[in-house]
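Please work through the following exercises on aromatic contacts. Each task is followed by a solution in steps.

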Amino acid sequence: MRITDIREIAVPLNSSIRNAVFDFSEMTTSVVAVVTDVIRNGKPVVGFAFNSTGRYACGAQMRDRLIPRIMKAQPETLLNAAGNNLDPEKILACMMQREKPGGHTERSVAVGTIELAIWDAVAKIEDLPLHVVLANQFSAGEVRKEIPCYVGGGWYAPNKGIPELLDEIRTRLDQGYTTMKIKVGGASVAEDIARLEASLKVVGGGQNLAVDANAGLSPERALAYAKALQSYKLRWFEEPTDPLDFALLAEITDIYSSPIGTGENLFSTQDIHNLVHFGGLRKDRDIIQIDVPQSYGIVQFSRTVKMLEDRGWGRHSIFPHGGNLMTLAIVAGFGLGGCEAYPDTFGVFAGFADDSQVTDGKINLSERPGIGFEGQNALYDVMRKIV
C-alpha cells in the first residue's frame with residue numbers, strides 16, 4: 001500500500017462580500033487530491049480536501065517541500081502498525097521534517113490541507129464515514145447522527161441594507177437554522193447596533209444571534225463595541241481583537257460578561273495554549289474556534305484538544321471555524337460543541353452534501369465513506385478533475 005501521487009490546484013472563490021477587514025475578491029483556495037494504489041470499485045482510492053476559506057491557496061509550499069517529502073519516503077514508513085492503511089500521524093511527522101519551530105501560518109494551512117486529504121483516503125480505505133473513524137479513535141466510539149449547526153452571514157455587500165439583511169436571516173430560519181451570526185466592525189458602531197437590533201427582532205433574542213468583528217477593530221473600537229453590545233446578551237461576540245493581542249482580549253473579558261468567541265486565526269497548539277492562559281477566557285461560557293484544516297490538521301488538533309481538556313476546557317466549548325464537510329466530520333467525530341455553515345457564500349466550497357438537512361438548528365451526517373465530498377456535486381466536479 002502506498003501513495004502514488006499528490007496533486008494540488010488553486011481555485012478562485014469569485015466573491016464580492018466583505019467583513020470588517022477585507023473583501024474576498026482575490027481569495028483563492030487549494031484543492032488537494034491524494035491518490036493511493038488501493039482499488040475500490042475498480043478505481044484507486046483518492047482522498048480530497050481543500051484549505052477551508054479565508055486563507056489563500058498555498059500550493060507553493062506543498063509542491064516545493066511537503067509533497068516531495070511524502071513521495072520520497074519509504075512507503076512502509078507511512079503506514080499504520082498493521083500495515084493495512086495510511087497513518088496520518090506518521091505522514092504529518094514526515095511533512096514537518098526540517099521545519100523550524102514557529103511561523104505557523106507559513107505552512108500550517110498547506111500541511112493541514114494535505115493531512116485532511118490523507119484522512120479522507122484513510123476513511124475510504126476503511127469504508128467508513130470520516131466522523132465514524134474519528135469517533136472510534138478520539139471519542140471512545142461515540143458516533144453522533146446530528147450536530148448543532150449555526151449559520152454565518154450578515155456580510156457587508158454592495159446595495160445591502162437592513163431590509164436585505166433581514167431577508168437573509170428569514171431565509172436561513174426557513175432553512176432550519178435557529179442561530180445566526182452577522183458581521184460587525186465594517187460600519188460605525190451606531191449603524192451596526194441598528195443592524196443588530198433589527199436582527200434580534202427576527203431571530204427571537206440574543207441567545208440566537210452572534211456577531212463577528214473578524215479581528216478588525218482597533219483597541220479603542222473593540223472596547224467601544226464591547227460596551228455597546230453588553231446589554232444584548234448575545235450568543236457570542238467573535239474576534240473582537242487582533243488574534244495575538246491577549247492582553248486586550250483579557251481587558252475585554254473584564255468588561256464584557258457574555259460569551260467571547262475566538263481562535264480561528266491561531267494555527268498551533270502553542271498559540272491556543274497562550275490564548276487560554278493569557279487571554280482571560282472563561283471556561284464556563286467562551287467559545288474556541290480553531291480552523292482544523294488550516295491548523296496542521298486532525299492529528300495536531302487532537303493534541304490541542306488534549307491540552308485544553310488538561311486545563312479544564314470541555315469539548316462543548318469548541319466550535320471550529322469553517323462551514324464545510326471537513327469541519328462537520330471533525331465536530332461529529334470529536335464530539336464538539338457545534339459547526340458553522342456558510343450556504344451560498346463561497347461558491348462551490350460553501351455548504352455540505354446536497355442531501356444534507358438542517359432541522360431545529362441541527363444538521364444530519366451522511367454515511368458516505370470518507371469526508372463525503374462525493375455527495376456535494378458541484379465541489380466534487382472540481383475535485384475529480386484533478387485526478
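Predicted model: local features only at pLDDT ≥ 70, side-chain atom pairs only at ≥ 80, totals over all residues.

**Exercise 1.** Determine how many aromatic pairs the whole structure holds, and classify the pair of Phe-50 and Phe-349.

*Solution.* A search of the whole structure returns 10 aromatic pairs.

**Exercise 2.** Locate Phe-50 and Phe-349 in the chain and state whether each is buried or exposed.

*Solution.* Phe-50 belongs to strand β3 (residues 43-50), while Phe-349 lies in the loop between β10 (339-341) and β11 (358-359). The pair thus ties together parts 299 residues apart in sequence. Buried means under 20% relative accessible area. Phe-50 has 1% and is buried; Phe-349, at 3%, is buried as well.

**Exercise 3.** Classify the pair of Phe-138 and Phe-334, and identify the cluster that contains these rings.

*Solution.* The ring centres of Phe-138 and Phe-334 are 4.7 Å apart and their planes are at 15 degrees, so the pair is stacked. Phe-138 is in helix α4 (residues 130-138) and Phe-334 in helix α11 (residues 325-334), 196 residues apart. Both Phe-138 and Phe-334 are buried.

**Exercise 4.** Which residue has its charged end over the ring of Trp-155?

*Solution.* The residue is Lys-183, whose charged end sits 4.2 Å from the centre of the Trp-155 ring.

Methods
Residues numbered from 1 in each chain as written. Heavy atoms only, no water. Phe/Tyr/Trp six-rings, centres within 6.5 Å; stacked < 30°, edge-to-face > 60°. Helix = DSSP H or I, 4+ residues; strand = E, 2+ residues; numbered from the N terminus. Buried < 20%, exposed > 50% of the residue type's maximum accessible area, 1.4 Å probe, protein only. Lys NZ or Arg CZ within 6 Å of the ring centre and 35° of its normal.
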